[in-house]
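This report concerns the open spaces on a protein and the residues that line them. Please examine the sequence and the model before reading on.

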Amino acid sequence: MNRYEAYLPVLQSALRALDDWRTQYGEEQLVGFTDTPDMIQIIQDLQKRLEGNYPFHHPQYAGQMLKPPHPLAWIAYAMAMTINPNNHALDGGPPTSEMEKEAVAKLAEMVGYDNPYLGHLTSGGTIANLEALFVAREIHPQKAIAASTKAHYTHRRMCRVLNTEFMEIPLKSNGETDWDYLMDNLDRVGTVVVTMGTTGLGDVEPLADLLPELRKNGVRVHADAAYGGFFKIIEKELPSSAHWAKLGEVDSIVIDPHKHGLQPYGCGSIMFKDPAAGTYFKHDSPYTYFTSDELHLGEISLECSRAGASAAAFWATLQLFPLTNDGLGKYLKSTVTAAKILYRNLTGSARFECFKEPELDILVYFPIPENKTLSAVSELSNHLFKAGAEAAPKEGLHLSLYKLGADEFTARFSEYEADADSVTLLRSVLMKPEHEPFATKLTNRLHTLLDSV
Ligand SMILES: *Cc1c(COP(=O)(O)O)cnc(C)c1O
């Protein structure tokens, strides 16, 4: 039996019960549900098309931030979708709006926000960050929004959308972020984006070190924890624990349940520590709903329609995996362990080098070429990347590539000749619980594939 079949009987009986609820409104003939032979053929065609994917479900897929959701999220989403509630307003989906509030309350508790706060789910991290930057601009319209070069690329883009100045905090010659540059230019800055778990390397930026000076100068702080947010649960086991401990003090936080929260795509979240942020969203549209005195989720969001099914899926998942060490924490711990094992294996190998020790579950590494130049590293990395993707299904390895500036690389590896402006390395996001038991096999496959290129 495959990983979904076991749950089909319970899904079937729940759907049947939902149909009973539906038919109490009358047995009117529903239109459009009769062409089943065509539908069956289309679904079979779709299945074939879907087999064109990389094996995102398998630990040999150790590339980007991709994995299927937990089966419980799938079932909850599928069930809710047969009703298709819209969480843009409480009346668009009363039960799923309640679930959204309950789920976000758990996120708020996890990060250390006290009631009252303001928060809701979004369709993803980019739109959630846009909301945070929108509020940042409304509060400090004349000032810049600053972020490091390691921040997600969409911050710069969204500053263009908002027509507000973006200040990139440059790198020092040793390849590290020049936070002193930020401190020297604070008079120009309204809000700083601090990334808790960068998309490239999974680095946690030094929130605890930055916060006192930023506060003293009246600068707001937005934590982009789209990727890393759930690692707050296991903060005590991380080298970055001091920074996680300060998360509850920042003005706004973005966390993506569709990254480390076991959810299907379409589930991000934004929280504001001060609920007064809601005043910037207030609107009075005549065609929205007015039956509730409570603040509608749609009144504190830039988006209008949002899938109630997303809230149902996340809510259900949180019942099974509470945001505790023994709940979702177990998953997260195993991903960190997987990265540690691969790091240990590769630093112990004469044929590979790790760019740096992983902080979370992302490792960047490269095969050591005979010729110690950047172009030779890039060439070998590219060959290995391609060989892994093209190998037979049981021997393959699906990695991602990571491009780095020459200075940043040679700051750590001075023995390499910088014969190019940049260098391409290999990157693995080890975000599945299956990665921990697979980590040594992964190491072995890397070596076998390197033999073949
Ligand atoms: C993934 C990511 C984003 C963008 O989120 P989406 O859900 O892909 O829109 C923003 N910031 C960070 C740090 C991320 O890892």
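Predicted model: local features only at pLDDT ≥ 70, side-chain atom pairs only at ≥ 80, totals over all residues.

## The setting of the second largest pocket

The second largest pocket lies between domain 1 (90-320) and domain 2 (329-451), because both domains give residues to its lining. The space in this pocket amounts to about 430 Å³.

The lining of the second largest pocket is made up of 23 residues, and those closest to the pocket's centre are Lys150, Glu176, Thr177, Trp179 and Asp203. Two elements, helix H7 (179-184) and helix H14 (406-412), each give two or more residues to this lining. Of the elements, H14 gives the most, with three residues.

## The largest pocket

The largest pocket has a volume of about 800 Å³. It is lined by 21 residues, and Tyr4, Leu50, Asn53, His57 and Pro68 lie nearest its centre. Helix H2, which spans residues 36-50, gives the most to this lining, with four residues.

In the lining of the largest pocket, 12 residues are nonpolar, six are polar and three are charged.

Note on methods. Residues numbered from 1 in each chain as written. Heavy atoms only, no water. 1 Å grid on protein atoms, 1.4 Å probe; cavity = no way out; pocket = protein on both sides within 12 Å on 5 of 7 lines; lining within 4 Å. Points joined across faces, edges and corners; volume = space filled by probe spheres on them. Nonpolar A, V, L, I, M, F, W, Y, C, P; charged D, E, K, R; others polar. Domains from an automatic or database assignment.
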